[in-house]
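Here is a short tour of one protein chain. Please keep the structure open while you read.

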Amino acid sequence: MFRLRMVGKIIRQAGLGHISLVFLLVFLACSALIWALDPAIGTWGDSLWFCFQAVTTIGFGDVVATSLAGRVVLVCLSVVSVFYLAVVTGVVVAYCNELIRAQGDRSTLRFLDQLEHLEELSPDELAALSARARAFREDRGRERAR
């Protein structure tokens with residue numbers, strides 16, 4: 001299960017820390033501009049909430065920009081946020097895929113190591129290794145049948 005802290009770590013390790021900071025600054029700047037330019041947005045909090053709804057595509061409609069300038073700023077924020085969220089999502093998915101691949105590689109290496117040292121294994125370890133090999137073959141057979 002992913003935690004928000006883990007996503008932050010993945011973003012930093014992928015080198016997206018600066019991009020995330022720029023996105024946060026763009027978000028805050030757009031919130032300030034909308035608050036200043038649109039008379040329908042009464043408070044800074046409403047402006048932040050409105051921008052959050054746009055970035056996350058929630059769009060409840062409880063706060064609405066009525067001025068052309070406010071709408072233009074919101075469109076710009078929306079376009080930037082779509083690209084930013086796509087990049088972050090791609091990085092997290094790539095990290096998960098790499099983690100799964102690495103776990104599979106470790107399992108395969110452990111299996112090969114046991115095969116190389118068959119003469120050193122106890123009868124119980126040989127039986128367990130044989131069971132793993134059968135299970136592996138059955139899994140591959142099911143995958144091919146799909």
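**The model**

This is a predicted model. Residue numbers start from 1 along the chain.

**The largest pocket**

Begin with open space. The largest pocket holds about 280 Å³. Its lining consists of Ser107, Thr108, Phe111, Arg132, Ala135, Phe136, Asp139, Arg140 and Glu143. Two elements each give two or more residues to this lining: α4, which spans 68-116, and α5, which spans 123-145. Of the elements, α5 contributes the most, with 6 residues. Sorted by class, the lining has 4 charged, 3 nonpolar and 2 polar residues.

**Where α1 meets α4**

Helix α4 also packs against helix α1, which covers residues 4-13. Two packed helices are described by the angle between their axes and the distance between the axes. For α1 and α4 the angle is about 95°, and the axes lie 10 Å apart. The range from 65 to 115 degrees counts as roughly perpendicular, so α1 is roughly perpendicular to α4.

Which residues in α1 and α4 meet? From α1 come Met6, Val7, Ile10, Ile11 and Gln13. From α4 come Tyr84, Val88, Val91, Val92 and Tyr95. The residues of this contact are 9 nonpolar and 1 polar, with no charged residue.

Thr89 also lies in helix α4. Its relative accessibility is 48%, so Thr89 counts as partly exposed.

**The loop between α2 and α3**

Now turn to Asp38. It is found in the loop between α2 (17-37) and α3. Is Asp38 buried or exposed? Its relative accessible area is 2%, and the cut-off for buried is under 20%, so Asp38 is buried. Leaving out residues up to four places away in sequence, Asp38 touches Ala65, Thr66, Ser67 and Gly70. Asp38 and Gly70 are 32 residues apart in sequence, yet their C-alpha atoms are 5.5 Å apart in space.

**The loop between α3 and α4**

Two residues stand for this loop here. Asp62 is found in the loop between α3, residues 44-55, and α4. With a relative accessibility of 52%, Asp62 counts as exposed. Asp62 touches Trp49 and Gln53, again leaving out residues up to four places away in sequence.

Thr57 is found in the loop between α3 and α4 as well. Thr57 is not a glycine, although it has a positive phi of about 60°. At 65% relative accessibility, Thr57 counts as exposed.

**A residue in α5**

Return to α5, the helix that gives 6 residues to the pocket lining. Arg144 lies in this helix. Its relative accessibility of 71% means that Arg144 counts as exposed.

**Distances across the chain**

| Pair | Apart in sequence | C-alpha to C-alpha |
|---|---|---|
| Asp38 and Gly70 | 32 residues | 5.5 Å |
| Thr89 and Arg137 | 48 residues | 34 Å |
| Asp62 and Glu116 | 54 residues | 66 Å |
| Arg144 and Asp62 | 82 residues | 51 Å |

Take two of these pairs in turn. Asp62 and Glu116 are 54 residues apart in sequence, with 66 Å between their C-alpha atoms. Arg144 and Asp62 are 82 residues apart along the chain, with C-alpha atoms separated by 51 Å.

**Recap**

Key: This is a predicted model: local features need pLDDT of at least 70, side-chain atom pairs count only at pLDDT 80 or more; totals for chains, interfaces and linings use all residues. Side-chain values use heavy atoms; hydrogens and water are left out. On a 1 Å grid over the protein atoms alone, a cavity is a set of points where a 1.4 Å probe fits but cannot get out, and a pocket is an open set with protein on both sides within 12 Å along at least five of seven lines; lining residues have an atom within 4 Å of a point. Grid points are joined across faces, edges and corners, and a volume is the space filled by probe spheres set on the points. Helices (H or I, at least four residues) and strands (E, at least two) are DSSP runs, numbered from the N terminus. Ala, Val, Leu, Ile, Met, Phe, Trp, Tyr, Cys and Pro count as nonpolar, Asp, Glu, Lys and Arg as charged, and the others, Gly among them, as polar. Axes are lines fitted to C-alpha atoms, for helices over the stretch in contact, and angles run from 0 to 180 degrees between N-to-C directions. Angles under 35 degrees count as roughly parallel, over 145 as roughly antiparallel, 65 to 115 as roughly perpendicular and the rest as oblique. Contact means heavy atoms within 4.5 Å. Buried means under 20% relative accessible area, exposed over 50%, partly exposed in between (1.4 Å probe, protein chains only).
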